[in-house]
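Visitor: I am new to this structure. Could you take me through it and say what each term rests on?

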Amino acid sequence: MNTIALVGNPNSGKTTLFNALTGANQHVGNWPGVTVEKKEGQFEFNKKIYNVVDLPGTYSLGAFSEDEIVARDFILKGNPDVVINVVDATNIERNLYLTTQLLEMGAKVIVALNMIDEAEERDIKFDIKTLSQKLGTPVVPTIASKNKGIEDLVKNAISLMDKDVDYKAHISYGENIDSEMERIKGYLVNKDLEYPANWIAIKLLEGDQYVNQVIANNEDLKSSNEFKKVLQEIQDSVNNYDLEIVDKRYEFINNITKKTVFRPSEIVETKTDKIDKILTHKYLGLPIFALIMLIVFQLTFAIGEDVLGEAAASGIEALGGIIENYLISVNSPDWLISFIADGLIGGVGAVVEFIPLIVVLYMLMGILEDSGYMARAAYVMDNIMRALGLQGKTFISMIVGFGCNVPGVMATRTLDNRKDRMIATLINPFMSCGAKLPIYLVFIAAFFPEHGGLVLFSIYFLGILIALLMGKIFSETLFKGESSYFIMELPPYRKPTLRNVLRNMWDNVSGFLKRAGTTIFAVVTILWILARLPLGVEPYSQGSVLGIIGSFIAPIFKPAGFGNWQAAVGLFAGIAAKEAVVATLGMVYAGVEGGVELVNTIQSVFTPLTAVSFMVMTLLYTPCAATIATIKKETNSSKWALFTAVYTFFIAWVMAVLVFQIGSLLGFS
Amino acid sequence: MLKELLVEIKNSNYISKSNIAIKLNKPVELIEDGFQQLIRMGYISEEDNLNSCNSYCGSCPYAKTCNKMPVKTMKITEKGEKLLAN
């Protein structure tokens, strides 16, 4: 039975053609020794049965993947009577690369110029006769999806089977390579080889490891020291034969297509490129990024707080009331009522209340991400980082850190050298993670409700600024050396889809809720117990264990303006998890029932200036335990983990003190 | 085409395949193919920024949002730099 092999690029319509040829008469298995799917089928033409093998879709016939090796081995060793090369007519220049490789193999090739209807729709025209002449192989236009041209293709393929034609690509690789090929072929004459000599010569010059191995194991060639010397010379050569060969193939294709393929117009600038001229502009890029982020934060407050915030606060408060009343009605013990009302609803509820803001923020961020803008933001920052002598790619890990510092620190793995990795790791905690949001939101609601967006923007901006500054200091002190250079690829802009935006939002919010339900719960429970010890003490008083711990720490924060034990305990709890700061404040300020009352209490304890100072402290101070553990793991050093914990605390303290002291001197309160 | 492409990559601030296609007067698909060829031959390397967080994410509540930053980066390798220097 004659065999026809189908080969083509992915999405060239190869499988559609296979189905059109074989119908239901096909079966699927695996190629021996690999996990690549093997599809085989039969068809009848003029009362004769033909076997069709659908080879894996591939762009090339190198040794880059199993698919490529399977395809090229079948063509070279499977002895198909004819190879149908399915070429996507809308993308002919790219598809013909595979054709040139088939011709190099000396295979009997027939080109199925598929999807010709789509090419016509795009006004792409072909001189098929000349194309066929220049390729030296038949070219048959087909529309496999509509069953058009299939009969003609089959007739041509069958007639080709009987022709005794010596197929060879008429590609000249240049004088140098052509003569090297002849030199290699000289050693291959009359040797027992699995592959054609011409093809082996090309592949050896291309540095194909698979063919190199085959040749190294060939009994006839093993003993030839002279041949080994030639191979070594090729390997050591300063000539980039591989690149030249590939380039010559493209040149061959270009010479053919420029006379046979006619496109309607020249390539025009895309919308993405036009937009990028503004959004990634050397001078405008950064202000535009800042403006976009400011708008995002303003909208977050306008929608999340003004529209949805009150409803959420009332909801939590009402729920707290219902649960508390129920517990009283069923004569629950006082400790349980206190734990639920003060601990859980006061603590966890104070955090959960800010969910509407978080929902809106992550939806807006999702829109930016899905549209492709966030990649531009990374690029814009990349320019600044480079100007500061930092590895621009660090900003990618910094952006990840805005969600959570743990993956932010992990993302530094993609940086090449130790210097870049260490700097990126040490500055990541300054990126304000999502868990810190409720802290800012409480203080903004208490003191700056009219300027929420601007305050939030300033906090994030300060985090980036300190990170860049510390990065610069580290690069000139602890980690000197060159940064590696990389280039960012910017994806095309696209319309954000509701599905992606909602999914992004839900992933973030559900993560936040899970933390609220687990870590915060655990921290709140411990603190609730500490607030009641020793037994008989007034709960949440300065005499409780919690109060004693807080009072011990509080003096440190006096120069920053918030030297009360409650604030100190809040910051202390934040080292376990940042969400715990608000939860703790909710609890310790007399077991507040819900965020609105927490906001009122905070207004009576803090001033606008100490609120700013406290927010700066929480932005910059020691990262959470999970981040410290990750730093230890990533740097493989307890020393660096401890260093991060201490130096971030120091920076935060200095900044908070500066804010308070300078603010006081300027007359702010 | 490939050396020209490598020069364009070297001289670009960022990679826009459509921009390079205009400069080299080639279809974008061919430029994409050129990138793949350069990667295959080791003149440039494409870096995976999305899979750096692959440990103990299962228990992390933020696992689904971990490293979603859709930025692809490339680097000209030593082999590529050598070619450009010649």
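Guide: This is a predicted model. A place to start is A:Met488, which stands opposite B:Thr73 in strand E3 of chain B.

Visitor: What makes E10 of chain A and E3 of chain B a pair?

Guide: Two strands count as paired when DSSP finds at least two bridges between them. E10(A) and E3(B), residues 72-76, have three bridges, in the antiparallel sense, so they meet that cut-off.

Visitor: How do you know that E10(A) also pairs with E1(B)?

Guide: Two bridges join E10 (residues 487-489) of chain A to E1(B), and these strands run parallel. The cut-off is at least two bridges, so this is a pair as well. In E1(B), the bridge partner of A:Met488 is B:Tyr14.

Visitor: Why is the pairing in this sheet called mixed?

Guide: Strands of a sheet can pair either parallel or antiparallel. Here E10(A) runs parallel to E1(B) and antiparallel to E3(B). The open sheet has four strands, in the order E1(B)-E10(A)-E3(B)-E2(B).

Visitor: What makes E1 and E2 of chain B edge strands?

Guide: Strand E1 (14-15) and strand E2 (44-47) each pair on one side only.

Visitor: Which residues of helix H2 of chain B are buried, and what covers them?

Guide: In H2(B), residues 17-24, the buried ones are B:Lys17, B:Asn19, B:Ile20 and B:Ala21. Buried here means that 20 or more other C-beta atoms lie within 10 Å of the residue's own. Their cover includes helix H13 (271-279) of chain A, along with H1, E1 and H3 of chain B.

Visitor: How many residues of the two chains are in contact?

Guide: 49 residues of chain A are in contact with 40 residues of chain B. By class, that side of chain A has 25 nonpolar, ten polar and 14 charged residues.

Conventions
Residues are numbered from 1 along each chain as its sequence is written. Chains are lettered from A and ligands numbered from 1 in the order in which they are written. This is a predicted model: local features need pLDDT of at least 70, side-chain atom pairs count only at pLDDT 80 or more; totals for chains, interfaces and linings use all residues. A residue is buried if 20 or more other C-beta atoms lie within 10 Å of its own, exposed if 12 or fewer, and partly exposed in between; C-beta atoms are placed from the backbone. Two residues are in contact if their C-beta atoms, placed from the backbone, lie within 7 Å. Ala, Val, Leu, Ile, Met, Phe, Trp, Tyr, Cys and Pro count as nonpolar, Asp, Glu, Lys and Arg as charged, and the others, Gly among them, as polar.
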